[in-house]
Amino acid sequence: MLTDYHLHLRPDELDATPAEHFTEANAQRYRDAASERGIAELGVSEHVYRFAQALDVWQHPLWCEFAHDDLDAYCDFVRSTDLRLGIEADFIPGAEDRIANLLEARDFDYVVGSVHFLRDHALDTDDYSVWSLGRSAEEIWREYFRTLGEAARSGLFDILAHPDLVKVWGRDRPVPEGDLRRYYELAIEGIAESGSAIEVSTAGLRKRAQEIYPAPAFLEMCLEAGVPVALSSDAHRPEDVGADYDQALEMLESVGVKELCVFERRERRLEPIGAGVL
Ligand SMILES: [Zn+2]
Ligand SMILES: [Zn+2]
């Protein structure tokens with residue numbers, strides 16, 4: 001059994017509308033790509049900040065620019081298909097109750113939790129970038145992994161997305177020297193205690209990082225702590241569904257992962273990856 005749960009039915013551009021992308025024909029393109037790659041379990045997790053209801057959680061200027069669509073219309077659309085219903089929700093420290101209210105009011109199969117921001121500054125976009133503030137790599141990495149641990153501890157999320165997103169820019173941004181486990185350690189206790197799953201995501205291979213999220217050393221620390229794995233591509237177009245899963249499966253095999261998380265109405269079970277699917 002292979003999964004792809006962290007999928008977006010549309011690109012991140014502001015002009016990508018639900019009318020164009022939340023359609024049965026588009027869902028079928030994702031299904032076709034998935035079945036070609038032997039992926040049986042498929043779900044979508046649109047960005048929460050594309051929906052007007054996200055402004056009840058946070059009113060960052062970037063969200064104000066993007067939050068236009070109706071979250072319940074999205075949920076209704078996905079429920080009218082055979083795709084699992086997920087959402088990619090940002091962790092916003094201090095807004096835990098408001099995030100919980102938004103999530104609990106809908107019957108998601110799973111919630112993918114992401115740390116895209118450190119306070120008001122973004123890790124992975126040029127707008128509002130945390131990298132333009134003159135802070136050191138060490139400081140940003142420390143704050144990122146502390147926040148990730150806090151995100152896990154909040155208990156809001158079933159899956160922690162792209163767990164070392166801070167590396168997204170690769171060598172285009174400063175990277176701390178030496179053994180990076182000193183940063184992973186800042187998050188690992190929170191992750192272990194939370195009971196949430198860690199995402200192995202091939203999206204990093206399509207970014208400047210040119211690496212799977214998380215780094216093997218971080219994944220190994222998660223496994224030692226008993227954290228289960230969810231596998232996703234974070235595709236924003238059908239062509240990227242299950243992208244580079246051969247590399248992800250090789251990595252999972254090399255660290256002894258034999259099962260993947262499967263979700264239904266926020267209940268988790270583990271299914272064997274299965275042999276020779278690709
Ligand atoms: Zn993300
Ligand atoms: Zn995503």
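The contact, meaning heavy atoms within 4.5 Å, is made by Arg181, Tyr184, Glu185, Ile188 and Ile191 of α7 together with Ala217, Phe218, Met221 and Cys222 of α8. By class, these contact residues divide into 7 nonpolar, no polar and 2 charged; here Ala, Val, Leu, Ile, Met, Phe, Trp, Tyr, Cys and Pro count as nonpolar, Asp, Glu, Lys and Arg as charged, and the others, Gly among them, as polar.

Helix α7 spans residues 181-194 and helix α8 residues 216-224, and they pack at about 30° with axes 10 Å apart. α7 and α8 are therefore roughly parallel to each other (angles under 35 degrees).

## How the model was read

This is a predicted model, where local features need pLDDT of at least 70, side-chain atom pairs count only at pLDDT 80 or more, and totals for chains, interfaces and linings use all residues. Residues are numbered from 1 along each chain as its sequence is written, chains are lettered from A and ligands numbered from 1 in written order, and side-chain values use heavy atoms, leaving out hydrogens and water.

## The largest pocket

Now to the open space: the largest pocket has a volume of about 740 Å³. Of its 33 lining residues, Asp12, Asp124, Thr125, Lys207 and His236 are the closest to the centre. A pocket is an open set of points on a 1 Å grid where a 1.4 Å probe fits, with protein on both sides within 12 Å along at least five of seven lines, and lining residues have an atom within 4 Å of a point.

The lining divides into 12 nonpolar, 7 polar and 14 charged residues. α3 gives the most, with 3 residues.

Technical notes. Points joined across faces, edges and corners; volume = space filled by probe spheres on them. Helix = DSSP H or I, 4+ residues; strand = E, 2+ residues; numbered from the N terminus. Axes fitted to C-alpha atoms, helices over the stretch in contact; angles between N-to-C directions. Parallel < 35°, antiparallel > 145°, perpendicular 65-115°, else oblique.
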